[in-house]
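Please read it with the sequence and the model at hand.

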2 protein chains.
Amino acid sequence: MRIGELARRSRLTGHTIRYYERIGLLPFVGRDASGHRDYDASILTWIGFLDRLKTTGMPIRTMLEYAALRQARPATAPDRRLLLERHRVQVRAHVAALREALTVLDTKIAGYADTTEGMNDDDGPAEPDDGKPLRARRPRAR
Amino acid sequence: MRIGELARRSRLTGHTIRYYERIGLLPFVGRDASGHRDYDASILTWIGFLDRLKTTGMPIRTMLEYAALRQARPATAPDRRLLLERHRVQVRAHVAALREALTVLDTKIAGYADTTEGMNDDDGPAEPDDGKPLRARRPRAR
DNA sequence: GCTTGACTTCGAGCACGCTCGAAGTCGTAG
DNA sequence: CTACGACTTCGAGCGTGCTCGAAGTCAAGC
């Protein structure tokens, strides 16, 4: 399979596939007689998994770690497992945050419920402020 | 309240607060005698709401739309409602995608379950490929 | 009077994840 | 022989959302 077909089937662009190869997310695949990338269908499984990881917000840098462990073949399984487990914790937290935010959204929308008549134009009362932070600050690693 | 205190209480940085004001996400607030921004505690409610929207992945550009409707005071309530409802649809879809990806993650991790002994080093069999796309392609508007 | 620290404005820079175009090669169809 | 379309490499550019530093002002405490 050449890059064009893989692009169609993976719903990535050729450009993105080459980019992924460049950064090491996709293996450096062999070229055919004309110098074109020649993919095995099994690559779709890997891309599919990467896509899931992407969906869950895993940064490329972490996918690279995982990919590297996979490359460094044998017994890196425990490391990979740990990596995924750690990520799962974050995803679950993210889902929880989303669900909470969704209920806020629901409430807000409900507040606009009959507002065709112009009520509730104030986006809710100012909450009594307890001085507590709105959410945890996450300083960025540098 | 000056910007420092607001920063602490909102868990934003002063820089970010000024940035938000610059782009119109926060109102242009009055300055005190020394030229310092002077905030009312009610701003925390707005920032808190923005934070929820951010959590749900709403792009700033959309928050700006909402903010603009809020400014353009009276009867924009139906528009704001519509905006939030549309966003809610997307958030729900995102949550669904996350949950699905989570089960994939669960399966993967389960596959590594007893891999302390070195089994399952292959990240799963290549799926029989049906030629169907992995997920919908979303061309970017330009 | 001087230092300190919290603020001000302004504009540049950064991290991330692509996205795209230029210029060239290759193989097949007409 | 030519045109085409699909590919190749390379490197620059972009959209998003901050992040940061420089240079200056101001008020309070010593």
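What covers the buried residues of helix 2 of chain B? The cover includes helix 1, helix 3 and helix 4 (60–71) of chain B, where contact means heavy atoms within 4.5 Å.

## Basis of the report

This is a predicted model, in which local features need pLDDT of at least 70 and side-chain atom pairs count only at pLDDT 80 or more, while totals for chains, interfaces and linings use all residues. Residues are numbered from 1 along each chain as its sequence is written, chains are lettered from A and ligands numbered from 1 in the order in which they are written, and side-chain values use heavy atoms, with hydrogens and water left out.

## Helix 2 of chain B

Helices here are DSSP runs (H or I, at least four residues), numbered from the N terminus. Helix 2 of chain B spans residues 14–23, and Gly14(B), Ile17(B), Tyr20(B) and Glu21(B) in this helix are buried. Buried means under 20% relative accessible area, exposed over 50%, and partly exposed in between (1.4 Å probe, protein chains only). The buried residues line one face of the helix, because they fall within an arc of 125 degrees when seen down its axis; the arc is that of the directions from the helix axis to the C-beta atoms.

On the other side of helix 2 of chain B, His15(B) and Arg22(B) are exposed. Gly24(B) follows this helix, with a positive phi near 95 degrees.

## Helices 1 and 3 of chain B

Helix 1 (residues 3–10) and helix 3 (residues 43–55) of chain B pack at an angle of about 45 degrees, with their axes 11 Å apart. Axes are lines fitted to C-alpha atoms, for helices over the stretch in contact, and angles run from 0 to 180 degrees between N-to-C directions.

Leu6(B), Arg9(B) and Ser10(B) in helix 1 of chain B meet Ile43(B), Leu44(B) and Ile47(B) in helix 3 of chain B.

## Helices 3 and 4 of chain A

In chain A, the axes of helix 3 (residues 43–55) and helix 4 (residues 60–71) come within 11 Å and cross at roughly 145 degrees. From helix 3 of chain A, Trp46(A), Phe49(A), Leu50(A), Leu53(A) and Lys54(A) meet Met63(A), Tyr66(A), Ala67(A) and Arg70(A) of helix 4 of chain A.

## Arg11 in both chains

Most residues other than glycine have a negative phi. Arg11(A), although not a glycine, has a positive phi of about 60 degrees. Arg11(A) lies in the loop between helix 1 (3–10) and helix 2 (14–23) of chain A, and is partly exposed, with a relative accessible area of 34%.

Arg11(B) has a positive phi near 60 degrees and is found in the loop between helix 1 and helix 2 of chain B. Arg11(B) counts as partly exposed at 34% relative accessibility.

Notes:
Helix = DSSP H or I, 4+ residues; strand = E, 2+ residues; numbered from the N terminus.
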